[in-house]
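Look over the sequence and the fold that follow before reading on.

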Amino acid sequence: MSKRSSMRLREGAEENALGSSSQPDTMFVSTKISWKGKYERVFALTKDAVNTIDPKEWRVTNTWLFEAEGVSATPSSESDEMFQLTFKKGNKEKDMKFTTAFRPRLVSEILHARSIDLN
């Protein structure tokens, strides 16, 4: 089950609004692709989670923990910029599609962070 947060990120905030034990290691601008349309998102990767942030309101929209939700990312053959984020939701796996000009690095960073967290 995803841990959702409506906390706002504040500049210079001492506590981490991402709900993680660490500050983001890296961030990427991307576009979420869903049946509702396309939405700009920022991926914020920490040592134990993948977070998406709405850049208009700088609000965390989703948090997926590597250990609890088995987060993974795979490149899509649909385009050079598209990738699929896969995570557990209950007993099923759920997929979300995103695009970014930085797909190779983002997918690599997610897989690297996942391998560290799961070891």
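Among contacts in the protein between residues at least 6 apart in sequence, what percentage joins residues at least 24 apart? The share is 39%, where a contact means heavy atoms within 4.5 Å. This is a predicted model, in which local features need pLDDT of at least 70 and side-chain atom pairs count only at pLDDT 80 or more, while totals for chains, interfaces and linings use all residues. Residues are numbered from 1 along each chain as its sequence is written, and side-chain values use heavy atoms, with hydrogens and water left out.

The protein has 2 helices and 7 strands. Read from the N terminus, their order is β-β-β-β-α-β-β-β-α. Of the 119 residues in the protein, 41% are buried. Buried stands for under 20% relative accessible area, exposed for over 50%, and partly exposed for what lies in between, with a 1.4 Å probe and protein chains only.

Two strands count as paired if DSSP finds at least two bridges between them. Strand 1 (residues 26-34) pairs with strand 2 in the antiparallel sense over 9 bridges, and a hairpin of 2 residues joins the two strands. Within this pair, Val29 has Val42 of strand 2 as its bridge partner. Strand 1 also pairs with strand 7, again antiparallel, over 3 bridges.

Strand 5 (residues 72-75) and strand 6 (residues 82-89) are antiparallel and share 4 bridges. The hairpin that they form has 6 residues between the strands. Ser72 stands opposite Thr86 in strand 6, and Ala73 stands opposite Leu85. In a regular strand the side chains alternate between the two faces of the sheet. Strand 6 continues the pattern on to strand 7, to which 8 bridges join it in an antiparallel arrangement. Met82 has Thr99 of strand 7 as its bridge partner. The hairpin between strand 6 and strand 7 has 2 residues between them, and Gly90 in the turn has a positive phi of about 70°.

Next comes the nonpolar core. In soluble globular proteins, nonpolar side chains tend to be buried together. A nonpolar core is taken as a set of buried Ala, Val, Leu, Ile, Met, Phe, Trp, Tyr and Cys residues joined through side-chain atoms within 4.5 Å. The largest one has 17 residues, and those with the most contacts inside it are Phe43, Val50, Val71, Leu85 and Ile110. At least two residues of this core come from each of strand 2 (37-45), strand 6, strand 7 and helix 2 (103-118). Helix 2 gives the most, with 4 residues. Leaving out residues up to four places away in sequence, Val50 touches Phe43, Ala44, Leu45, Asn62, Thr63, Trp64, Phe66, Val71, Leu85 and Ile110.

How many cavities of 30 Å³ or more are there? The count is 1. A cavity is a set of points on a 1 Å grid over the protein atoms alone where a 1.4 Å probe fits but cannot get out, and its lining residues have an atom within 4 Å of a point. The largest cavity has a volume of about 30 Å³, a volume being the space filled by probe spheres set on the points. Its lining consists of Lys32, Arg41, Thr52, Thr61, Asn62, Trp64, Met96 and Phe98. Strand 4 (59-65) and strand 7 (92-99) are the elements that give two or more residues to this lining, and strand 4 has the largest share, 3 residues. By class, the lining has 3 nonpolar, 3 polar and 2 charged residues.

Two single residues remain. Trp58 lies in the loop between strand 3 (49-54) and strand 4. The phi of Trp58 is near 50°, a positive value in a residue other than glycine, and Trp58 is partly exposed, with a relative accessible area of 32%. Ser115, in helix 2, is partly exposed with a relative accessible area of 32%. Ser115 and Phe66 are 49 residues apart in sequence and 8.8 Å apart in space, C-alpha to C-alpha.

Conventions. 1 Å grid on protein atoms, 1.4 Å probe; cavity = no way out; pocket = protein on both sides within 12 Å on 5 of 7 lines; lining within 4 Å. Nonpolar A, V, L, I, M, F, W, Y, C, P; charged D, E, K, R; others polar.
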